Amino acid sequence: MDGMERGRNPSRRTGHSSIGRSLSRSSWIMEEVFSGSKHSRRSSRVDEDEEALKWAAIEKLPTYDRLRTSIMQSFVDHEIVGNKVEHRAVDVTKLDMNDRQKFIDMLFKVAEEDNERFLKKFRNRIDKVGIRLPTVEVRFDHLTIEADCYIGSRALPSLPNAARNIFESILGMVGIKLAKTTNLTILKDASGVIKPSRMTLLLGPPSSGKTTLLLTLAGKLDPSLRVKGEVTYNGYRLNEFVPKKTSAYISQNDVHVGEMTVKETLDFSARCQGIGTRYDLLSELARRERDAGIFPEADVDLFMKATAMEGVESSLFTDYTLKLLGLDICKDIIVGDEMQRGISGGQKKRVTTGEMIVGPTKTLFMDEISTGLDSSTTYQIVKCLQQIVHLTEATILMSLLQPAPETFDLFDDIILLSEGQIVYQGPRQHVVEFFESCGFRCPERKGTADFLQEVTSKKDQEQYWADRSKPYRYITVTEFANKFKRFHVGMRLENELSVPFDKSRGHRAALAFKKYSVSKMELLKACWDKEWLLIKRNSFIYVFKTVQIIIVAIISSTVFLRTELHTRNEQDAAIYVGALIFGMIINMFNGFSELSLMISRLPVFYKQRDLLFHPVWTFTLPTFLLRVPISILESTVWMIVTYYTMGFAPEASRFFKTFLLVFLVQQMAAGIFRLIAGICRTMIIANTGGALTLLLVFLLGGFIIPKGEIPKWWEWAYWISPLTYGYNAFTVNELFAPRWMNKK
């Protein structure tokens, strides 16, 4: 029998009575290899003896090591019996890329079929020791969402309107309203329940409120919208736990770092999201199996242990997700963006999906994940997700615009949304029956999904009118919603919602009560590795900057050549000051590339920040620290080429002070450009507003206009300009040298 229980005595385990497991107990692949011959049967018995001895050795290990050690099976050539299965004990935290790939290729040859077989093995292992998996039931009760919208030309995104919006938002804080607005109802009195272990499809025509409903359930709704009603997870309100970590909203927009490969993108996501309760589940499972004398199947045990280890840079779960989504063929190709060619649009959409399902979250709200995908690929992905839902008791609400009939049939429940109202919610089998009770019939050759989206439309409804002997009358969405409340499915739903969720039924581990499930140091390490990777991918920029500063330094040295400069009087000193100012400005603008680099990174940063991947400081700290060595190199190059060539003060102390000042000016400039990028957020605004900021910084720095000539009402700008302090420091360091002390 699959997963046969054994006694605790090692001698019994190696006996034929305890080792006579079926071939599927070792591996389902072995059934194809070892069949028919005596050599095969003898080899099978030897393999099982070897595997039993390995398990006996693993069980003698301390708990910490036992949870990190498993058996990996591989095929080796044998002179007599041909292919032979080799069993070796491995540390799951030290699996290399080839081991992980071989394991995934052996286990998942055909994604849909083999995934279901594997998940059934996983579920059998869980059920055998009586462990109940944590589940999440999402309820929303009388949910109404409204927004205030401007009317007519006032709604246009023009510059005057934007300025008025800012001004009126300030007045709105004190209760003064000037602009006329109209109330727009996005969702109207929506109630329902998303159950675990059931695939739920959200259908509806465009602008029906699908995205708003998904965002509301995921706890990511725009705070400017007015929300009435209540959303609960296992009876907990959204303010009683962290919904952004408990659930995952998969957006329609594909926002990724173009320089990272598909696998690197998913690995980073997995490191940030952590393992959730996988390790706790594994510990409890191993304890109960040991008490019951049960040996797990090697492939399931290896997978569960490898995916339950924290701090792994490349997880086996990433390889599993790549295989499920069909991304294993492009895992080493960069994602790409508008300027770099990468993966296709459909593959990019799958990366967006994989980025969230690679984490431990089992509550997913998926918004139009089939955009850009063909029907076959969509079916494969939805099929795999259906298997995960049914066998691991996950909770998924997925919106699709026009699913194919075979994809539609994979769902258990349907939510039909139109004009912000729920027209139907319940089992898929009863949805056609409901509309037939309303007088509309789905034609035989018409897909049910297309019928559902058109039957509530005023333009398309008439063609589905069933009884031609009666005159057709347009039935509004509100009428459909009222009829559904009297339909047996609607009545059952209302009765279910009237009974509050019993919190004792839900496992506390199903919800997240902390913002970050991974330690801050692990998140910092993940962001550090990602930033270092991006610096290597963008190495051309930093090499070019260094070459550029070398060329400018050589030109500067020939312009301000020491043989042409003198130290006789103030006029000579002014030339040295000019050389210092020129060097300061050159080093400042050497960091201008940080502006475009930061703007290109901001969309991904804001997305990952909102998804609670990592705190803000774990992004900014590596961004700053990893560029310090590059800045030191550039400062060194500038000083070596220019300092003594231009003939500045020869004392070593003044040389190193100038070196420190050049380095600090570069860091200050990089910080200013990153600040401009963070405030402006687009290149167009940054090139205008940022240029104005730099102009004021230069103008009020004290060298274009001396401090005494700056108007008194602008003196505050003189003191906050960073160039003021750089200019003063450079000049004081040079002109207070001994060679200038006796000059007149």
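Trainee: Why does Phe451 count as buried?

Mentor: Phe451 has a relative accessibility of 0%. Buried means under 20%, so Phe451 counts as buried. Keep in mind that this is a predicted model.

Trainee: What makes Phe435 buried?

Mentor: The relative accessible area of Phe435 is 0%. The cut-off is under 20%, so Phe435 is buried as well.

Trainee: How many aromatic pairs does a search of the whole structure find?

Mentor: The search finds 38. One of them joins Phe108 and Phe118.

Trainee: What makes the pair of Phe108 and Phe118 edge-to-face?

Mentor: Start with the distance. The ring centres are 5.5 Å apart, and the limit for a pair is within 6.5 Å. Then take the angle. The planes stand at 75°, and over 60 degrees counts as edge-to-face. Therefore the pair of Phe108 and Phe118 is edge-to-face.

Trainee: Where do Phe108 and Phe118 lie?

Mentor: Phe108 is in the loop between α7 (97-107) and α8 (111-128), and Phe118 is in helix α8. They are 10 residues apart. Both are buried.

Trainee: Why is the pair of Phe435 and Phe451 edge-to-face?

Mentor: Same test. The ring centres are 5.8 Å apart, and the planes are at 85°. Centres within 6.5 Å make a pair, and planes over 60 degrees apart make it edge-to-face. So Phe435 and Phe451 form an edge-to-face pair.

Trainee: Which parts does the pair of Phe435 and Phe451 tie together?

Mentor: Phe435 is in helix α19 (residues 431-437), and Phe451 is in helix α20 (residues 448-454). The parts are 16 residues apart in sequence. Phe435 and Phe451 also belong to one aromatic cluster, with members including Tyr424, Trp465 and Phe487.

Trainee: How do you know that Lys503 lies over the face of Tyr236?

Mentor: Lys503 is 4.3 Å from the ring centre of Tyr236. The limit is within 6 Å, and within 35 degrees of the ring normal. Arg508 likewise lies over the face of Phe513, at 3.9 Å from the ring centre.

Trainee: What stands opposite Tyr236?

Mentor: Tyr233 does, with Tyr236 in β7.

Trainee: How do you know that β6 and β7 pair?

Mentor: Count the bridges. There are two, in the antiparallel sense. Pairing takes at least two bridges, so β6 and β7 pair. They form a hairpin with two residues between them. Asn234 in the turn has a positive phi of about 50°.

Trainee: How many bridges join β3 to β6?

Mentor: Seven, and the strands run antiparallel. Asp141 stands opposite Glu230 in β6.

Key: Residues are numbered from 1 along each chain as its sequence is written. This is a predicted model: local features need pLDDT of at least 70, side-chain atom pairs count only at pLDDT 80 or more; totals for chains, interfaces and linings use all residues. Side-chain values use heavy atoms; hydrogens and water are left out. Helices (H or I, at least four residues) and strands (E, at least two) are DSSP runs, numbered from the N terminus. Rings of Phe, Tyr and Trp (its six-membered ring) pair if their centres lie within 6.5 Å; planes under 30 degrees apart count as stacked, over 60 as edge-to-face and the rest as tilted. Buried means under 20% relative accessible area, exposed over 50%, partly exposed in between (1.4 Å probe, protein chains only).
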